[in-house]
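Colleague: I'd like to learn how to read a ligand site. Could you walk me through one?

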Amino acid sequence: MKRKAFGEPLAAGAAYTQAGWYAMPQRLPEPVIDRLRESVARISVQDRPEVVFEDGTQVVRALHGCHRFDEACAALTRLPVFVALAESLVGGPAYVYQFKVNLKQPFQGRAWPWHQDFAFWLREDGMPTPNAVNIAVFLDDVHAGNGPLTVIPGSHRLGLLDIDTAHRSANSQDWRRHVSADLEYTIDENRVAELAADLGRHVAVGERGSCFAFHPCIVHTSSNNESPDRRAMLLITYNATNNAPPSPSRPEFLVDRITTPLVADDGFPW
Ligand code: SIN
Ligand code: MN
């Protein structure tokens with residue numbers, strides 16, 4: 001099997017600290033993306049709890065925890081360029097807290113309302129601090145029309161904002177409301193409008209293979225996919241090993257219990 005190195009660790013810290021997001025300069029090679037897309041196609045038709053549908057439909061919205069059972073997804077989390085970036089952004093050894101692929105199917109993929117990821121990880125899992133980082137990998141070309149991730153640069157520096165209580169349900173313990181278009185912890189749209197007026201917005205578009213890191217406290221959203229183009233985006237959340245929640249209760253495919261430090265390995269099975 002052919003192997004390739006992915007280049008040297010990146011110095012991204014200053015940009016990430018300032019803006020709360022960082023677009024990696026290189027794209028992942030096409031064969032890696034092809035291999036991941038094969039995994040996504042295979043897992044999407046499996047009957048397993050990790051496969052989540054758009055509410056009330058059979059349209060696959062997301063695949064969760066795939067690094068726990070799929071070889072290519074597991075290998076992706078160990079890519080040296082990702083491990084180096086994650087370790088540098090969390091300031092030490094890291095493990096995979098969460099892994100998912102959000103699929104945004106053509107015409108049917110639904111939105112992610114404005115929110116901060118740490119609102120879920122603190123309130124639902126007891127993650128002590130937001131010393132974690134998401135790395136997103138575009139498995140499809142992402143453009144303005146297929147529901148790109150939109151962030152408010154610098155909003156992570158405000159810490160956790162108030163949640164929109166009008167949106168809360170009586171049953172916040174139901175993890176399905178942490179992964180559906182009807183999200184549990186959202187931010188009031190007036191507050192978002194103020195923030196966007198102050199700080200602007202960044203729309204994360206790019207060709208497939210592009211990679212994008214973002215902070216757990218950055219305010220972000222993505223809209224319905226009204227286009228004929230799928231928008232599959234894979235997300236790995238790396239957490240500092242000294243920031244693991246002590247006793248999480250959500251399913252292991254949402255909160256991995258294996259917190260041993262990742263060891264970088266460029267043996268991607270392509
Ligand atoms: C999306 O897939 O567009 C949303 C991802 C996220 O909220 O983390
Ligand atoms: Mn999010």
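Colleague: Which residues are around ligand 1?

Modeller: A residue counts as near if one of its heavy atoms lies within 4 Å of the molecule. Here they are Asn 102, Trp 112, His 115, Asp 117, Leu 149, Phe 214, His 220, Ser 222, Arg 231, Met 233 and Leu 235. This is a predicted model, where local features need pLDDT of at least 70 and side-chain atom pairs pLDDT 80 or more, while totals for chains, interfaces and linings use all residues. Residues are numbered from 1 along each chain as written, chains are lettered from A and ligands numbered from 1 in written order, and side-chain values use heavy atoms, leaving out hydrogens and water.

Colleague: Which side chains have an N or O atom by an oxygen atom of ligand 1?

Modeller: Look for polar contacts (pairs of N or O atoms within 3.5 Å). His 115 has one at 3.0 Å, and Arg 231 one at 2.7 Å. Ser 222 also puts a polar side-chain atom 2.5 Å from a ligand oxygen.

Colleague: How much of ligand 1 does the protein bury?

Modeller: Accessible area comes from the Shrake-Rupley method with a 1.4 Å probe. Alone, ligand 1 exposes 260 Å², and the protein buries 98% of that.

Colleague: Which elements give two or more residues to the shell?

Modeller: Strands are DSSP runs (E, at least two residues), numbered from the N terminus. The contributors at that level are β5 (112-115), β10 (220-222) and β11 (233-240).

Colleague: And what is the shell's make-up by class?

Modeller: Five nonpolar, four polar and two charged residues, with Asp, Glu, Lys and Arg counted as charged.

Conventions: A polar contact is a pair of N or O atoms within 3.5 Å; within protein, one must be able to donate a hydrogen and the other to accept it, and residues adjacent in sequence count only if both atoms are side-chain atoms. Helices (H or I, at least four residues) and strands (E, at least two) are DSSP runs, numbered from the N terminus.
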